[in-house]
Structures are given as C-alpha cells and as structure tokens.
Amino acid sequence: MKKKLLAGFLGACMMTTLLAGCGSDNKSTESTTAKDTTEAKKDDATEATEATGDAETTETAATGDGEVVNVYAFTDEVPNMIKKYIELHPDCGFTIKETIVATTDGAYQPALDMALTSGGADAPDIYCAEAAFVLKYTQGDMKDYAAAYDDLGIDTTAAIQAADIAQYSVDLGTNPDTGKVVGLGYQATGGAFIYRRSIAKDVFGTDDPATIAEKIGPGWDKFYAAAEELKAKGYGIVSGDGDIWHAVENSSDQGWVVDGKLTIDPKREEFLDLSKKLKDNDYHNDTTDWQDAWFSDMKGEGSKQIFGFFGPAWLINYTLAPNCGGSAVGEGTYGDWAVCNSPIGFFWGGTWVLANKDTTKKESVKKIIEWITLDCTKDGLQYMWANGLMNDKGTKDAVASGTVMAMSDGSVDFLGGQNMFDAFIEGNKYANGKNLTQYDEKINSFWRDQVREYTAGNKSREDAIKDFKQNVADNLDVVVE
C-alpha cells in the first residue's frame, strides 16, 4: 500500500528495524536508520531524486538460530510481513536482517544499488521497489540483479493463474530479456473514483455507485459534464489537477520513452487541456496533491466542497481516512464516502518484491516471496491483508490476488459499509502496466511543473512543451527531438 508514499511525502526520514528470529527463544535486534548525505529541496522532486543516502547499521545483539535473510525496504511494511510469517511458522529455519531506508530525498535507491553491486554477505536477498522506480529493477539498469521467481523453485505461471494476479502487476514485474517474472506486488492498486455520498445525493439525486459511475464516465466528456452539474450547485469535482493526472498517465498507450526517445503520448499531452479546463471553469480548488490544501479538501474544509478523488484502496486507508476529520461515522467526512468505477482505467502505486539472483538462501527466500505474493489461501499474507487481520486496527486493503478478493469481505465503515472490492477488482482489469519507464519519476515532475505553468497563464502551450523537452534533454540520457 502506500504507507511508503506517505513516508516519502510527509517527511519520514528515519526508521528503526529489528532482527526477527524464528525457531529460537533468543531474540536479536539490529537498528538501522536512513541518513541523508545530500541536502535536497523537499519541493523539488528532481533534486530529491539526485540526492544520495546510505544506511547506517548498528548490531546490538547476537543472532538467533537459522540462516539470516537480508531484506532491503523503504518502509517496515514488508519486513513486518516477514515477521508475521516467522510468527506463524516458528520452524521456518531463518531469521531476517532488515535495512530500511526511507525514500525521502532519494536515499533509498542509491543505498539499494550500492548493496546490490557490492555483493557479499550483506547484500540483500530480498528487496522492494515501488511503482515510481520498479522498472529500473525489473526491466531497466538494475534488472540483471533480480532472480526469476521460477529460479527460486516457484511454478510462477500456474501460481499467477490460480491467484488471478492483476496483469499490470505481472507486466511490470517481468524481465523483457527473459520473459520471466522477477517481481510481484501484494496489493492491488487499480484505480477507482472515491466520492462524497452527500454531494452525490444533492447534485445527482442518488449515491448509488453504479449510477454515479455512469454520470462521470466512461470518458472525459461525461466527467466534465458532471463537473458542470456539480459547479452549478457550488461544488468542485476534484481538488486539483493532480487528482486526474494518475488516471491520465496510466491510461496512455505509450510511456515517456520509446526506443530511447522522448515520446509525448497524445493522452498525456491532452493533460494540458484537461488541466486548463479544470482551472478555467473553476471545477476544482486548484490544490497541489500532498499539500495542506489537498488534505483540507478531504475534510470538506476547502474553499468549496469537493466531490471526489481518483485513487486505489491505499488512498482510502492511508490518506483519505486519516485526513477526513474524524474516525467514526458522523465525524468530519468519515462514512460519507463511496467508490465507483473510474471514467478510465488506471493504477497508482504499489510495491514489488524481488529476490537477488545471487542469493544463497533460495529456499528461505522462496517461502517468503511465495507467501507474500502468490499464496491465495486463507493462510497467506494476501488473505490476511484483505480482511484486516494483519493489524489491530483491522484495516482492509485491496490485494493483488483477485481470487483472494473474491472470497474476502471488503466492507468498510468509511465507505458507508460498501464492499470496496467490487470496484477495485474491476479497476485492476483495466489497469495498464505497459506504459511506464524507469525515467517516470523525473519526467512526471518536469511535465506536471510545465502543465501548471501553462494553466496559470505563465506560459503558452507551445512554450510549456518546449521547456518540458529541454528539461528532459538537460537531465536524462534520452533522445529529445
């Protein structure tokens, strides 16, 4: 899910990790912190990505019994899953050593790259990559370090079919040279439209998800027609143009780079017009995602009430719910939400789990990866994750396995008791994982900056595109024509 993204955007830059043991009463601990070595502007995604960091590790106790599996991650999410596996399988025969480096200021990737290239006993056996940079490790510059799941002893094709894993997740985790899967996610991040029930009733006379889905889509024409109806009643359809960007980005036919050349897919170029239409017609509050005004709109405290947000299940659990102004029905906007199909198919975010091809602990690594990504029984991580059995709060989340979601209860109070899996299973079917590149994190930042310059009236459409191309040419090893 997107705890990791919150860690990156909300400034979590230090995490403590533990060495979890199994098969022994001797618990051992290891403390790992992320320490930035470069000062980067928090509001500049390009500079932040260039920043470097390293992992400072201090051993505080002896290890327990069993071999040690080294795990690299950017939050404690996956390490905590492995601890749960150890708890449930006390005779598993391994312990884990965690190294957690937050994505803040671009620290994680340099630390992981150094660990992989250096090799040796401290090299990661298992490591994590999120959607913003997963292709670097599955299909890009660092792909040769990832082991094929088949090589771990997993019958990957059969397991994917049995678990009904969303295709976009498989596509992003497949090495193009070998055609083999080297990484899979555990959560589903197919997108939907998350909207306020009270506003839907006021404007459209109903809050029924099927009816609202037909009001706002399919397609952008119906979405903007709905925006006009909402405006007539004093509402905005979204908070800012960032709310539609992820839907635009991941519904495009081509990625930013095709055969080494910068490519502006027509659907992404259309974002200039879609964003300007939002601003010129006063259809939003013109906020920037992950800033205070954006969160205020979730509480209903912006300059005008906002109808909805585009996003996956993690946006509900880890962004909307904590920022809705309450924790029970009737408090803030809690319970006043529902979810329906998006006007266009997309996904946003996710974490992929990979194994080092040079690991000497294949059996242990296989057990972990199979349990997290492919086990579609009630004993697997994904069933626990989908049904809120992994934490005291009972948080339910959409998972990669359609098989698991189909046999799980996705009803949540935040959505007025709606089963959110109905919408997110559908969303996964239309998500496209073939239009991403390893350069997306930087290029997206350049593009969105120029789009905002254009919609603010500071640049012409032509100049915005020209300056975008220049930024790419100046900062990336990509042909720009």
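Helices (H or I, at least four residues) and strands (E, at least two) are DSSP runs, numbered from the N terminus. This is a predicted model, in which local features need pLDDT of at least 70, side-chain atom pairs count only at pLDDT 80 or more, and totals for chains, interfaces and linings use all residues. Residues are numbered from 1 along each chain as its sequence is written, and side-chain values use heavy atoms, with hydrogens and water left out.

View 1. Of its 481 residues, 58% are buried. Buried means under 20% relative accessible area, exposed means over 50%, and partly exposed lies in between (1.4 Å probe, protein chains only). Contact means heavy atoms within 4.5 Å. Take the contacts between residues at least 6 apart in sequence: 74% of them join residues at least 24 apart.

**View 2. Five strands make an open sheet.** Their order is S4-S3-S5-S12-S6, and the pairing is mixed. Two strands pair if DSSP finds at least two bridges between them. Strand S4 (94-100) and strand S6 (183-185) stand at the edges. Each has a single partner strand, so one side of each is left without a neighbour in the sheet. From one strand to the next, the twist averages 25°. Helix H3 (residues 77-88) packs on this sheet and touches S3, S4, S5 and strand S12 (351-355). The direction of H3 makes about 165° with that of S4. Axes are lines fitted to C-alpha atoms, for helices over the stretch in contact, and angles run from 0 to 180 degrees between N-to-C directions.

**View 3. Ile126 sits in strand S5.** Strand S5 (residues 126-130) runs parallel to strand S3 (residues 67-73), and two bridges join them. Val71 stands opposite Ile126. Ile126 has a relative accessible area of 0%, so it is buried. Leaving out residues up to four places away in sequence, Ile126 touches Val69, Asn70, Val71, Tyr72, Val353, Leu354, Ala355, Val365, Ile368 and Ile369. Ile126 and Ala73 are 53 residues apart in sequence, and their C-alpha atoms are 8.6 Å apart in space.

**View 4. Helix H11 crosses helix H20.** Two packed helices are described by the angle between their axes and the distance between the axes. The axes of H11 (residues 242-249) and H20 (residues 440-455) come within 13 Å and cross at roughly 130°. The two helices are therefore oblique to each other. Angles under 35 degrees count as roughly parallel, over 145 as roughly antiparallel, 65 to 115 as roughly perpendicular and the rest as oblique. The crossing is right-handed. H11 makes the contact with Gly242, Trp245 and Glu249, and H20 with Asp440, Asn444, Trp447 and Arg448. By class, two of these residues are nonpolar, two polar and three charged. Ala, Val, Leu, Ile, Met, Phe, Trp, Tyr, Cys and Pro count as nonpolar, Asp, Glu, Lys and Arg as charged, and the others, Gly among them, as polar.

**View 5. Asp164 has a positive phi of about 55° although it is not a glycine.** Asp164 lies in the loop between helix H6 (156-163) and helix H7 (167-172). Its relative accessible area is 45%, so Asp164 is partly exposed.

**View 6. Trp290, a residue other than glycine, has a positive phi near 70°.** Look for Trp290 in the loop between helix H13 (271-280) and helix H14 (292-299). Trp290 counts as buried, at 7% relative accessibility.

**View 7. The peptide bond from Gly217 to Pro218 is cis.** Its omega is near 0°. Pro218 is in the loop between helix H9 (209-216) and helix H10 (220-232).

Terms used:
A crossing is left-handed if the near helix is turned anticlockwise from the far one by less than a right angle, and right-handed if clockwise.
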